Amino acid sequence: MTRYALRGCSVAAALGLWQLLTSLDVDLWLRFSQFPTVTDVARAFTGRLAGPDYWRDLTDSLTRILTGFLLAAFLGVATGVLVARSRLAEDLLGPLLEVVRPIPAIALVPVAILLFPSNEQGIVFITCAAAFFPVLVSTRHAVRALTPVWEEAVRTMGGGRWRILGSVVLPGALPGVFGGLSVGIGVSWICVISAEMISGQYGVGYRTWQDYTVVDYPGVFVGMVTIGVLGWVTSTAVELLGRRLTRWLPRTSYDPGSRPRPARTAVSAPPAPAAVLTGPDPEERRDEHLV
């Protein structure tokens, strides 16, 4: 409870500082006079919750992000395992993937507009492309880092290729896979909001950009807060799922919610007799050795 109270106090302190700087129109170097106050944003947020447009935008953004992310998770894990386990696949797909990987996903918006017949499919494609490469790279490195002793043990017991894949490769690579998924979900939110701002018709990003064009700054901050909360919720869900599926992994001894236990003092043994401490003198040892 102390940790949750501390987190709540930090958020309350940030909001209080925001309210203070904006209500007093502080303009030292940063122009806080241009910012809406916390009360203005809260009032605008309450008004949005009462209307149907906010929930429609929320539903559209969540549908796009979940569709693209799940597709990227499946393709990224499959391609990462294939590239890490097959030299032929690495030679065929590796150069192409390494050339496309540095291209930002948001730069694929013109390609999506030309390639797909609807904006909805194009936004899902951009979201999938954003999450695909973090998942691919993490899976590839996790599979290659597996110790070969496990695979040899399965082969010794008569296991085939699919047995190795199901009992060694996929379980052993799960920590790395979920590391890539955690990164991928964050990048997906960045790209889906950007794509909605550029070519979307509905969604949180589209509504935020529309508020900016009509100089509705409290509405802009409503969109920003919504994006932050949605990103935090989805990232937390991915991390919780990863912990659930990797419960068999050894955990560190540090528990953030528990206090360190005081070290137990060892009970001192009674002092040994002097004869035991000193033992026989060197002459007696030499005589015993000769005997």
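The following exercises, each with a worked solution, go through a predicted model of a protein chain.

Residues are numbered from 1 along each chain as its sequence is written. Because the model is predicted, local features need pLDDT of at least 70 and side-chain atom pairs count only at pLDDT 80 or more, while totals for chains, interfaces and linings use all residues; side-chain values use heavy atoms, with hydrogens and water left out.

**Exercise 1. The chain as a whole**

State how many helices and strands the protein chain has, and what share of its residues count as buried.

Solution. 
- Step 1: The protein chain has 12 helices and zero strands. Helices (H or I, at least four residues) and strands (E, at least two) are DSSP runs, numbered from the N terminus.
- Step 2: Of the 291 residues, 31% count as buried. Buried means under 20% relative accessible area, exposed means over 50%, and partly exposed lies in between (1.4 Å probe, protein chains only).
- Step 3: The accessible surface comes to about 19600 Å², and 66% of this belongs to carbon and sulfur atoms. The areas come from the Shrake-Rupley method with a 1.4 Å probe; for residues, only the protein chains shown count as cover.
- Step 4: Take the contacts (heavy atoms within 4.5 Å) between residues at least 6 apart in sequence: 70% of them join residues at least 24 apart.

**Exercise 2. Salt bridges between helices**

Solution. 
- Step 1: A salt bridge is a side-chain nitrogen of Lys or Arg within 4 Å of a carboxyl oxygen of Asp or Glu. By this rule the count comes to nine salt bridges. Side chains of opposite charge can pair when their charged atoms come close.
- Step 2: In the salt bridge of D211 and R48, the N to O distance is 2.8 Å. D211 lies in helix α9 and R48 in helix α2 (residues 38-49), so the pair ties together parts that are 163 residues apart in sequence.
- Step 3: D211 is buried, at 7% relative accessible area, whereas R48 is partly exposed at 21%. A network of salt bridges links R48, D211 and D216.
- Step 4: A salt bridge also joins D57 and R207 (2.7 Å, N to O). This pair links D57 in helix α3 with R207 in helix α9, 150 residues apart. D57 is buried at 3% relative accessibility, and R207 is partly exposed at 23%.
- Step 5: In the salt bridge of E90 and R144, the closest N and O atoms are 3.0 Å apart. E90 lies in helix α4 (residues 87-100) and R144 in helix α6, so this pair ties together parts 54 residues apart in sequence.

**Exercise 3. The surroundings of R140**

Is R140 buried or exposed, and which side chain does the side chain of R140 join in a polar contact?

Solution. 
- Step 1: R140 lies in helix α6. With 13% relative accessibility, R140 counts as buried.
- Step 2: The side chain of R140 joins that of E98 in a polar contact of 3.2 Å. A polar contact is a pair of N or O atoms within 3.5 Å; within protein, one must be able to donate a hydrogen and the other to accept it, and residues adjacent in sequence count only if both atoms are side-chain atoms.
- Step 3: R140 touches G80, V83, A84 and E98, not counting residues up to four places away in sequence.
- Step 4: The C-alpha atom of V83 is separated by 7.2 Å from that of G94, 11 residues apart along the chain. G94 is in helix α4 and is buried at 14% relative accessibility.
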